[in-house]
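Visitor: I have a structure to explore and would like a guided tour. Please take me through it step by step.

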Amino acid sequence: MRGMTTEIHSLFAEKLNIDVPSADTDLIDSGLLDSLRLVELLLHIESSLGCRIPLEEIDLDDLRSVKSIARLIAARQALA
Amino acid sequence: MTPRLLQDLVARQAERRPEAAALVYGAKRLSYGALDAAANRLARSLVAAGCRKGDRVCFLYPKKPAAMVWMLGILKAGAMHVPLDLASPAERLRRIVNSCEPRFVLAAGPAASVAAQLQDLSKVVWLEDTVPAGLRAAFTLKDVARESSDPVSCDTKAEDPAHILFTSGSTGIPKGVAITHANVMAFVDWGLKHFGLSETDRVSGHTPLHFDLSTYDIFGAYAAGAELHVVPLETALLPHRLAEWIRASRLTQWFSVPSVLNYIAKVDALRFDDFPELRRVMWCGEVLPTPVLIHWMKRLPHARFTNLYGPTETTIASSYYDVPACPESPTEVIPIGAACDGEEILLLEKEICIGGVGLSPGYWRDPAKTAAAFLPHPHRPGSRIYRTGDLGRVRPDGMVELIGRADTQIKSRGYRIELGEIEAALSSLARLRESAVVAIPSDGFEQWQICCAYVGMDCEPTPAQLRAELARLIPGYMMPARWMPCEALPRNANGKVDRPKLKQIFSTEKLACAA
């Protein structure tokens, strides 16, 4: 889990150029994640981590923080 | 009394219909009476803390009802508001704060860490009860709550600036565009008439507060006494949720932006005959691809669609085009149309120039840039025009069409981007000997792909290193998507960087140099 959190954190920094203050920062409330950045993020998660997440299947609470995104991916990978 | 100032629009509704909803955000509703009273309290606190007519007050907060209260409170205190983008790098925000020298920076909630990085430049007002560790606050929401909600007297004039909006500048320093109360009022008057806005309308705005488009959805709604439905931040993230939200809000007028219309169309979140009460969809900020417009017009045959055009410097929009019928071909060009009331569109050697009531007094404390962009009117002594840098032509029916840019500015996600600002930031990086930035058309979510060719110093810098350093200076939407190391930049016969050649290289070698 910790490894995935670090990976998502660096995806934000390197691919989206967003420096997220902490793994618990509320990405939605802070305005750091907007619709276009979300699309970009999902593309990068697919290409870097091999995990495809269709937009329609996303629950907003999964996107709240770097930690919750990491949890979502870990859960999907465990199912695959 | 006819309102002259933006804040008067709310005060008038608060007097006539205090219980009517001004703002709707999720389950929250804020009435005109409550909005006006809360803004009066904040205005009193600001004045008591030393805010004077003509002062600037920056604010850091997402587009939520609290931010609307702040915006209004700042105006009522006689000051200009300067909305800042929370997602911008701290270094860029510091440059903006340095340039406008605000009396205060207002912040709350998610803005704590950013506000802490600005507090050596300006006093911070923390609009929650408890100040986070590491932050010093001039006053807090507790102090505001103790103030009276009676109106404050202020001697602001219609010709005084209401806000300053910062946009990309080619020299690397963001330019502040000052917009007066009269500028916004003129567009609001036209919009009310043209779109038939009334107190039975439910309008929505999608654009963040640091975009000038948001001033129309906010003050247009206040002028009409309509309900302003603010898109909840999380709703805007997912197209299906956004479509659901429009249905549930029963919007009647939607001021959108091309990127959002495109997003919803691409994921096919729209049903046929969706949003039965939506009468008007309008967009502004960049070109809406015709195939996307066709998608929307086929699904919403009951709605009218209007393309608005105009840069920040001429306030919200200066021309409009009501699309008469669904375009037959996806290659059809949608014109920017004809001038709104009180505005004038002129073509001077193909460049679109704008005159009339929306014209900003100029760039904040930058007479040189103001003089270069705002010229004397060629036919009317004493009047001015603004050179947009957009190129256009007039169709036989008098409608104006956009045909390109005279310089290297592009539009992405609704933001104006001067490629020169990216180059200026790159030139400050010690790892680079030289660099050049070009934009090539893209078929993805964004219309342009920003590409950078660079020559490193002796230690070969990697794109990842350069991105990391650049991210501290420019916002994410300006970041080059592709990077190409070179031995030397290609040059033309005059010794200038050969940009057409670079564009050609990036366009033909799509895969080879993708970062």
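Visitor: How many residues of chain B are in contact with chain A?

Guide: This is a predicted model. The contact has two sides. Chain A puts in 23 residues. The number for chain B is 24 residues.

Visitor: Which helix supplies the largest share of the side of chain B that touches chain A?

Guide: Three helices of chain B each supply at least two residues of that side: α9 (239-249), α10 (258-266) and α14 (463-470). The largest share is three residues. That share comes from α10(B).

Visitor: How do the residues on that side of chain B divide into nonpolar, polar and charged?

Guide: Take the charged residues to begin with: there are three. Five residues are polar. The nonpolar residues number 16.

Visitor: What pattern does chain A follow along the sequence?

Guide: Chain A has zero strands. Its helices number three. Read along the sequence, that gives α-α-α.

Visitor: What is the radius of gyration of chain A, and what does the globule rule give?

Guide: The C-alpha atoms of chain A fill a box of roughly 30 × 25 × 20 Å along the principal axes. Chain A is as compact as a globular protein of 80 residues, because its radius of gyration is close to the value from the globule rule.

Visitor: How many helices and strands does chain B have, and what is its radius of gyration?

Guide: Chain B has 15 helices and 27 strands. Its C-alpha trace spans about 70 × 55 × 55 Å along the principal axes. For 515 residues the globule rule gives 24 Å, and chain B comes close to that, so it is as compact as a globular protein of that length. Its radius of gyration is 23 Å.

Visitor: How far apart are the C-alpha centres of domain 1 and domain 2 of chain B?

Guide: The domain assignment puts domain 1 at 1-11 + 30-156 and domain 2 at 338-405. It also gives domain 3, at 415-508. The C-alpha centres of domain 1 and domain 2 of chain B lie apart by 33 Å.

Visitor: At what angle do α1(B) and α8(B) pack?

Guide: Two packed helices are described by an angle and a distance between their axes. Here α1 covers residues 6-16 of chain B and α8 covers residues 214-224. Their axes are 8 Å apart. The angle is about 40°.

Visitor: Which residues of α8(B) make the contact with α1(B)?

Guide: α1(B) passes α8(B) in a left-handed crossing. From α1(B), the contact uses B:Leu6, B:Leu9, B:Val10 and B:Gln13. By class, the contact has six nonpolar residues, one polar and no charged ones. From α8(B) come B:Phe219, B:Tyr222 and B:Ala223.

Visitor: Which residue stands opposite B:Phe104 in β6(B)?

Guide: Strand β5 (residues 104-107) of chain B pairs with β6 (residues 123-126) in the parallel sense, over four bridges. β6(B) also runs parallel to β7 (residues 137-140), joined by two bridges. In β6(B), B:Phe104 faces B:Lys123.

Visitor: Which strands stand at the edges of the nine-stranded sheet in chain B?

Guide: The order of this open sheet is β2-β1-β11-β10-β12-β13-β14-β15-β16, with mixed pairing. An edge strand has a single partner, so one of its sides is left without a neighbour in the sheet. The edge strands are β2 (28-31) and β16 (338-339) of chain B.

Visitor: Which residue of β11(B) stands opposite B:Gly205?

Guide: Strand β10 (residues 202-205) of chain B runs parallel to β11 (residues 227-230). Four bridges join the two strands. Opposite B:Gly205 is B:Val230.

Visitor: What is the average twist from one strand to the next in the sheet β25-β26-β27 of chain B?

Guide: These three strands form an open sheet with mixed pairing. β25 (432-441) and β27 (482-485) each have a single partner strand, so they stand at the edges. From one strand to the next, the twist averages 20°.

Visitor: Which helix lies across β25 and β26 of chain B?

Guide: The helix covers residues 419-427 of chain B. It runs at about 155° to β25(B). Its name is α13.

Terms used. Residues are numbered from 1 along each chain as its sequence is written. Chains are lettered from A and ligands numbered from 1 in the order in which they are written. This is a predicted model: local features need pLDDT of at least 70, side-chain atom pairs count only at pLDDT 80 or more; totals for chains, interfaces and linings use all residues. Domain bounds come from an automatic or database domain assignment. Two strands pair if DSSP finds at least two bridges between them. Axes are lines fitted to C-alpha atoms, for helices over the stretch in contact, and angles run from 0 to 180 degrees between N-to-C directions. A crossing is left-handed if the near helix is turned anticlockwise from the far one by less than a right angle, and right-handed if clockwise. Two residues are in contact if their C-beta atoms, placed from the backbone, lie within 7 Å. Ala, Val, Leu, Ile, Met, Phe, Trp, Tyr, Cys and Pro count as nonpolar, Asp, Glu, Lys and Arg as charged, and the others, Gly among them, as polar. The radius of gyration is taken over C-alpha atoms; the globule rule is 2.2 Å times the number of residues to the power 0.38.
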